[in-house]
Amino acid sequence: MSAWLQVLLDFIWVSASLGLVAFSLGLILGELKIVNIAQGDLMMVGAYSMYALRDLPFLVALLITVVFGFVLGLVLERGILRWVYDKGFMTTLLASWGVGTVLEQGVAAIFTVSQKGIDPPLTGQVTIGDLSYPTYRVVVALGIVGLLIGLLLLVYRTSLGLRLRASIDNVEMAGVLGISPQRMFAMVFAAATALAVLAGALIAPTIAINPTLGLSFLAPAFFAVLIAKQGSLAGPVAGAIAVEFVFTLLQAWLNVTVAESTLFGLLALFVVLKPQGISWTWKTARKETS
Amino acid sequence: MDLEDSKKGNVMTESKNSGGNSLMPPLTRRTVVRGAGGMAISLAGASALGSLFARSAWAADRSFKIGFVAPLTGPVAPEGLSMQNGFNLGLEALNAAGGIAGKKVEVVTQDTKADPAVVATVVKKFIQEEKVDMIVGTITNDEEDAAAKVCTAAGVPLAFIEAGFWHSFCNSTCVLFGENSYDLCAPLVPFMAEKFGKKFLLIGSDFSFPHAYLGVAKKYIAAAGGTVIDELYAPLGTPDWSSSIAKIKAAKPDVIFSGVVGGDAIGFAKQALSLGLLPGAHITGVMLQPEFYPAMGGAIDGQFDCVRYSEGINNPDNDQFKAAYKKKYGEGPIPLVGSTAYYAMRFIKAAVEKAGSYDKKKVFEAFKGIEAMTPLSDKPLKIDPTNVNVGYPMYICQIQPGGLYKIVQEVGFVKNELACG
């Protein structure tokens with residue numbers, strides 16, 4: 001009984017953290033039509049920011065980290081990405097890859113490649129029946145769920161969200177109607193960067209921090225976005241839950257290595273059978289270049 | 001200083017040290033004062049080095065040249081950098097005491113990123129263009145195999161520093177300085193079985209070394225009358241260990257025998273602590289090496305492990321090594337691979353001087369059966385002439401808060417199955 005309860009709680013925890021990353025990735029893909037390879041590395045930056053600020057109170061460090069992430073996003077978008085939007089799908093892909101590599105190497109140069117760890121601010125355990133589970137994970141998972149609900153309400157229930165969705169659907173038409181695409185692009189990228197950095201900062205106390213930690217989150221996050229309906233912002237979150245649900249089930253029966261390869265095999269199969277996910281990015285890419 | 005230089009792949013010589021070209025330079029107060037900027041050599045330690053040096057019977061007409069290859073970036077960079085720290089410290093001490101055959105040792109260094117293809121290229125370049133007399137380094141087994149192939153073909157002696165061999169490198173020019181998987185498992189399995197119980201659960205990173213290491217452990221588990229209730233593997237770079245931890249909690253083993261290494265050792269330990277598996281469970285194995293301790297946040301305090309080096313070993317040589325290492329690289333437990341790289345230089349010196357020439361074949365043959373003093377023991381350690389592996393007296397240690405591996409049992413030398421048929 002308690003074993004299954006723990007599996008359930010683990011599932012909620014991993015879904016919440018992946019959901020946040022997938023949401024930020026889907027936001028960039030939807031609005032900027034960019035496959036941002038650097039998203040995982042932005043998470044890594046969040047984790048290192050928390051490590052660098054580990055002597056401050058956790059919430060203060062978290063706030064500084066998120067603000068830093070927002071500014072970093074603005075700098076990256078204004079400084080690099082906006083120059084390559086019209087150069088086509090491949091160029092933006094390579095540009096974001098380059099950004100990710102620079103972030104990885106930059107962090108390695110500053111902090112060295114050796115593993116770092118930070119302590120969670122809450123060390124207590126929540127007891128449910130005969131199972132105790134770390135309070136930190138419970139609080140963070142609930143916090144992320146709340147944040148995602150808030151963000152989705154913002155997107156679907158406010159005029160700001162309406163303008164964002166209009167811009168995602170048809171950026172030229174939205175521009176004609178007075179929604180500046182440039183400002184929208186910059187704000188969306190900065191917000192998405194801040195979210196990725198936040199995700200990295202929140203999981204930092206539970207993992208070993210190293211410059212390549214973002215890689216292991218990138219592939220599942222992409223699949224979460226791919227299996228979602230095109231342009232939908234709730235979709236990647238649902239995708240993340242689906243990915244983690246299958247992964248959790250597989251891991252319950254199989255070794256992690258086998259579970260992981262089976263998961264990616266299944267996801268690839270899904271994308272082949274339900275190709276809307278890929279075809280729309282491809283079409284968009286063609287439209288952008290023509 | 002050496003660290004930075006060597007990172008860039010520059011040729012690194014110790015030309016700064018004055019008066020080093022004469023045979024057996026007396027270690028004066030001036031030397032000590034001069035060395036204070038980099039490392040401190042105590043007079044007691046220096047005289048030990050001096051006596052080692054006194055055996056030199058010939059003066060070479062050029063410097064002995066070593067090619068140092070190590071993964072200084074990439075997934076096993078923590079181990080690679082620790083090895084480089086120890087190597088540089090050993091080199092400084094060796095050159096401060098006069099080098100090999102009266103000449104300071106010259107070193108070229110290059111990063112391999114733990115990529116076997118890069119290892120092969122770098123080693124080839126070092127042998128053909130840099131004309132090195134010997135290669136030292138590599139961490140993973142894939143790197144070792146790649147380097148062994150190139151060096152053996154060229155007849156160049158090759159020193160492996162990292163631990164974990166489970167087979168011998170027969171008909172090769174390899175010298176094995178690390179402790180092997182038999183050293184690591186043979187004393188530990190019966191100790192844990194007797195202390196905590198006979199139900200073992202094995203967990204490891206999913207690549208060749210942990211599989212082989214846990215394979216050796218299984219032999220001793222069977223011999224101790226124990227059972228393996230489950231065997232879990234996860235790929236290197238696994239961020240989330242919840243599923244494995246849930247399985248372990250459900251299985252309730254008496255002992256978790258872990259071959260999880262690299263950054264994953266830290267992630268696994270921290271999550272095991274926060275998910276309530278630790279500190280209650282008994283965990284042991286190479287996952288508990290001092291390399292990983294500082295980032296684990298006390299998760300493995302109180303656990304037992306089998307090691308060949310502990311900072312608790314009590315002799316002047318070790319005191320001097322500890323002081324120099326911490327002065328140069330900061331506090332925290334000294335990585336095992338760092339200590340091995342440090343004293344490996346002494347074996348190299350002894351072998352080359354016994355060979356009486358830089359002839360590669362003679363130098364390799366001279367390693368067989370050679371002895372050298374190390375910080376590990378008051379008695380010299382010896383390289384087994386058959387499998388060319390240093391024999392180690394092993395210790396079972398309990399990990400103290402703060403990272404001291406306190407010796408609780410001296411095991412002595414371990415019989416292994418590394419043989420050449």
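Me: Where in chain B is the place of B:Lys131?

Reply: This is a predicted model, so every value here is computed from it. B:Lys131 sits in the loop between α5 and β4 (134-137) of chain B.

Me: What is noted about the phi of B:Lys131?

Reply: The phi of B:Lys131 is positive, about 50°, although the residue is not a glycine. Most residues other than glycine have a negative phi.

Me: Which loop holds B:Ala114, and what is its phi?

Reply: B:Ala114 lies between β3 (106-111) and α5 (116-128) of chain B, in the loop. B:Ala114 is not a glycine, yet its phi is positive, about 60°.

Me: What makes B:Ala114 count as buried or exposed?

Reply: B:Ala114 has 23 C-beta neighbours inside 10 Å. The cut-off for buried is 20 or more. So B:Ala114 counts as buried.

Me: How do you know whether B:Ala146 is buried or exposed?

Reply: Use the cut-off of 20 or more again. B:Ala146 has 23 C-beta neighbours inside 10 Å, so it counts as buried. B:Ala146 is in helix α6 (residues 141-154) of chain B.

Me: Which residues does B:Ala146 touch?

Reply: Leaving out residues up to four places away in sequence, B:Ala146 touches B:Pro116, B:Val119 and B:Ala120. Take B:Val119. B:Ala146 and B:Val119 are 27 residues apart in sequence, but their C-alpha atoms are 6.5 Å apart in space.

Me: Which peptide bond is cis, and what is its omega?

Reply: The bond joining B:Leu278 and B:Pro279 is cis, with omega about 5°. B:Pro279 is in the loop between α11 and β10 (283-284) of chain B.

Me: Why is β7(B) called largely enclosed?

Reply: Strand β7 spans residues 199-205 of chain B, and six of its seven residues are buried. So the rest of the structure largely encloses β7(B).

Me: In which sense do β7(B) and β8(B) pair, parallel or antiparallel?

Reply: Parallel, over seven bridges. Two bridges are enough to call two strands paired. One link is B:Ser205, whose bridge partner in β8(B) is B:Ala234.

Me: What is the order of the open sheet of three strands in chain B?

Reply: The order is β11-β14-β15, with antiparallel pairing.

Me: Why do some of its strands count as edges?

Reply: β11 (304-307) and β15 (405-413) of chain B each have a single partner strand. So one side of each has no neighbour in the sheet. Neighbouring strands of this sheet are turned by 25° against each other on average, direction ignored.

Me: How many bridges join β11(B) and β14(B)?

Reply: Four, in the antiparallel sense. One of the pairs is B:Asp305 with B:Cys397, the latter in β14(B).

Me: Which helix lies across β11, β14 and β15 of chain B?

Reply: Helix α8 (residues 188-196) of chain B does, running at about 160° to β11(B).

Me: Now chain A. How many helices and strands does it have?

Reply: Chain A has twelve helices and two strands.

Me: Why is chain A called as compact as a globular protein of that length?

Reply: Its radius of gyration is 19 Å, and the globule rule gives 19 Å for 290 residues.

Me: At what angle do α10(A) and α11(A) pack?

Reply: At about 145°, with the axes 9 Å apart. The crossing is right-handed. Among the residues that meet are A:Phe247 in α10(A) and A:Leu263 in α11(A). The contact holds nine nonpolar residues, two polar and no charged.

Me: How many residues of each chain are in contact with the other?

Reply: 31 residues of chain B are in contact with 31 residues of chain A. On the chain B side, α11(B) gives the largest share, seven residues. That side divides into 14 nonpolar, twelve polar and five charged residues.

Definitions and conventions. Residues are numbered from 1 along each chain as its sequence is written. Chains are lettered from A and ligands numbered from 1 in the order in which they are written. This is a predicted model: local features need pLDDT of at least 70, side-chain atom pairs count only at pLDDT 80 or more; totals for chains, interfaces and linings use all residues. The radius of gyration is taken over C-alpha atoms; the globule rule is 2.2 Å times the number of residues to the power 0.38. Two residues are in contact if their C-beta atoms, placed from the backbone, lie within 7 Å. Ala, Val, Leu, Ile, Met, Phe, Trp, Tyr, Cys and Pro count as nonpolar, Asp, Glu, Lys and Arg as charged, and the others, Gly among them, as polar. Axes are lines fitted to C-alpha atoms, for helices over the stretch in contact, and angles run from 0 to 180 degrees between N-to-C directions. A crossing is left-handed if the near helix is turned anticlockwise from the far one by less than a right angle, and right-handed if clockwise. A residue is buried if 20 or more other C-beta atoms lie within 10 Å of its own, exposed if 12 or fewer, and partly exposed in between; C-beta atoms are placed from the backbone.
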